[in-house]
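Let's take a friendly look at the aromatic rings of this protein.

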Amino acid sequence: MLEKLRERLQAHRPGRITLQLPEAAVLLPIVDRPEPTLLFTRRADHLNTHRGQVAFPGGKREVQDPDLLATALREAEEEIALARGQVELLGRLSDVISLHGLRVTPFVGLIPPDLPLVPDPGELDTIFEVPLRLFLEDRRNHTDVITVEGRPHYVPSYHVDGQVIWGLSAMMLVELLAEGFERPISLFRPPSGGRLCYYPARRLERP
């Protein structure tokens, strides 16, 4: 399964956003277990923004970062003590724009199991893993319908052991599933069933 994922992501041509926006990058770490898992973090409750939200390791690009992959690896090392030498890059996904006007570039990496990862208490409450099977079987709790700049996005929301995976992280997951695993899932068409939760229409924040 993971070898085919590597081949598909290497052949994938991710979309690039050319708007001049502040840059950020995240790492989607797949843990190489007999049953592969995807690693997530939960942002600390004491933070002023995005408190309690589930996300992938990542953050804003800094001046010393030579490229966005370096940003994703540096942030993962700072946030969860994941040494960059432990990450095997599998590929890159399309840029996405956060509602706060960041251009976010996702990278997919394979990491060994049972590394001594530690969440940075200044930023995170916990690190946890979810079996890839849950996403491959599309076991979503419901679908958030978020209209951005006039276009509806059908974003799955997954509830796993008290954690909620939704929003930007779920949007990245959809592309991973569609392009990396050839699953019939899309942000731009409604799912075949399940509950839809509609959000007010939004416009992107731009500097």
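Are Phe40 and Phe56 buried or exposed? Both are buried, where buried means under 20% relative accessible area, exposed over 50% and partly exposed in between, with a 1.4 Å probe and protein chains only.

A word on the source: this is a predicted model, in which local features need pLDDT of at least 70 and side-chain atom pairs count only at pLDDT 80 or more, while totals for chains, interfaces and linings use all residues. Residues are numbered from 1 along each chain as its sequence is written, and side-chain values use heavy atoms, leaving out hydrogens and water.

Searching the whole structure gives five aromatic pairs. Rings of Phe, Tyr and Trp (its six-membered ring) pair if their centres lie within 6.5 Å; planes under 30 degrees apart count as stacked, over 60 as edge-to-face and the rest as tilted. Here are two stacked pairs:

| Pair | Centre to centre | Angle between planes |
|---|---|---|
| Phe40 and Phe56 | 4.8 Å | 25 degrees |
| Trp166 and Tyr199 | 6.4 Å | 20 degrees |

Phe40 sits in strand β2 (residues 37–43) and Phe56 in the loop between β3 and β4, 16 residues apart; strands are DSSP runs (E, at least two residues) and helices likewise (H or I, at least four), numbered from the N terminus. Ring pairs also join Phe40 and Phe56 with Phe128, Phe135 and Tyr158 in a cluster.

Trp166 lies in the loop between β11 and α4, and Tyr199 in the segment after β12, 33 residues apart. Trp166 is partly exposed at 29% relative accessible area, and Tyr199 is partly exposed at 31%.
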